[in-house]
Amino acid sequence: MKKKSNTDEFREIEAELDAFIKAKVEEQTAKVIYQREFSTMEKHYSFVIWNVDKVSFTTRKYLRRPVINKRATAEHVRQLREYFNVLTTEGEIIFHASHNDKYKTSTGIWLSEIDNDHYAFDEESLSDAIAKHNKIYDEKYAPREGCIPCDYCKKQVPLDKVVKQKIWYRGRDSFGIARSLTRIGNFCSGECAMNEQCSCEG
Ligand SMILES: [Zn+2]
């Protein structure tokens, strides 16, 4: 029997590779992905809905798929096999998704990121994480009568418990000259006041 040419072998691996990727991609049927709105602790969370435009199977590290013009060398065959190997062991599904807003914001979400805490395939799965966050918000951060937010951690502090502290920071005075300035900050604790002072010193 005649030995297969490198080019034939290359084309065979290519076909096998394409079938492998196609099968992986076809397992994914999600049309939308729900994201827990990413924000600070200072507001209620809700959902962001991403529309899935395309699904790919690839690796997180940059890897160029070997291609040939007409003829393959043994080296081409070796490189394609190696590429296939890496894809088999490290490949992952990525969802290319976008918003229908005027900015057409788009993103890539890896399958492993869909953890029912930050991302989920359905609204239901995210609602626990959102409810948990919102409960903490209501208890600690929601504006309350007789309280003000701590300048550093943003938690509500009863007015009679506020720690007032002078914070030194670098800024410009009304003449535009760089100076060391001060302001009085409101904090829940000495620790937050210290953290705020540290963040001002950069
Ligand atoms: Zn605080």
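This is a predicted model: local features need pLDDT of at least 70, side-chain atom pairs count only at pLDDT 80 or more; totals for chains, interfaces and linings use all residues.

Reader: Noted. How many helices and strands are in the protein chain?

Author: The protein chain has four helices and nine strands. Along the sequence they come in the pattern α-β-β-α-β-β-β-α-β-β-β-β-α.

Reader: And what are the domains?

Author: The protein chain is split into domain 1, residues 6–141, and domain 2, residues 147–201. Their centres, taken over C-alpha atoms, are 42 Å apart.

Reader: What share of the residues is buried?

Author: Buried residues are 11% of the 202. As for contacts with a separation of 6 or more, 56% are between residues 24 or more positions apart.

Reader: OK, the open sheet. What is the strand order?

Author: The order is β4-β3-β2-β1-β5, five strands with antiparallel pairing. At the edges are β4 (106–110) and β5 (119–120), each of which pairs on one side only.

Reader: How many bridges join β3 to β4?

Author: Five bridges join them, and the two strands run antiparallel, with β3 covering residues 92–98. Within that pairing, Ser-98 is opposite Ser-106 of β4.

Reader: Which strands does helix α3 touch?

Author: Helix α3, residues 123–141, packs on the sheet and touches β1 (32–36), β2 and β5. Its direction makes about 5 degrees with that of β1.

Reader: I had Asp-18 marked. Where is its place, and is it buried or exposed?

Author: Asp-18 is in helix α1. It counts as exposed because it has 10 C-beta neighbours inside 10 Å, and the cut-off for exposed is 12 or fewer.

Reader: Changing topic: which residues make up the largest nonpolar core?

Author: It has nine residues: Ile-33, Tyr-34, Trp-50, Ile-94, Phe-95, Ala-97, Tyr-119, Ala-120 and Leu-126. Strands β1, β3 and β5 each supply at least two residues of this core. The largest share, three residues, comes from β3.

Reader: What does Trp-50 touch?

Author: Leaving out residues up to four places away in sequence, Trp-50 touches Val-32, Ile-33, Gln-35, Ala-97, Ser-98, His-99, Thr-107 and Ile-109. There is also a second, separate core of seven residues, including Cys-150, Tyr-152, Cys-188 and Cys-192.

Reader: Now backbone angles. What is the phi of Lys-104?

Author: Lys-104 has a positive phi of about 50 degrees, although it is not a glycine. Most residues other than glycine have a negative phi. Lys-104 is in the loop between β3 and β4, and it counts as exposed because it has 8 C-beta neighbours inside 10 Å.

Reader: And Lys-154, where is that found?

Author: Lys-154 is in the loop between β6 (147–149) and β7 (156–158). This lysine has a positive phi too, about 75 degrees. With 15 C-beta neighbours inside 10 Å, Lys-154 counts as partly exposed.

Reader: Last topic, β8. How many of its residues are buried?

Author: Of its 10 residues, 163–172, the number buried is zero, so β8 lies largely in the open.

Reader: Which strand do bridges join β8 to?

Author: To β9, residues 178–187, through 10 bridges, and the two run antiparallel. One of the bridge pairs is Trp-168 with Thr-182 in β9.

Reader: How many residues are between the strands in that hairpin?

Author: Five residues are between β8 and β9, and Gly-176 in the hairpin takes a positive phi near 80 degrees.

Technical notes: Residues are numbered from 1 along each chain as its sequence is written. A residue is buried if 20 or more other C-beta atoms lie within 10 Å of its own, exposed if 12 or fewer, and partly exposed in between; C-beta atoms are placed from the backbone. Two residues are in contact if their C-beta atoms, placed from the backbone, lie within 7 Å. Domain bounds come from an automatic or database domain assignment. Two strands pair if DSSP finds at least two bridges between them. Axes are lines fitted to C-alpha atoms, for helices over the stretch in contact, and angles run from 0 to 180 degrees between N-to-C directions. A nonpolar core is a set of buried Ala, Val, Leu, Ile, Met, Phe, Trp, Tyr and Cys residues joined through C-beta atoms within 7 Å.
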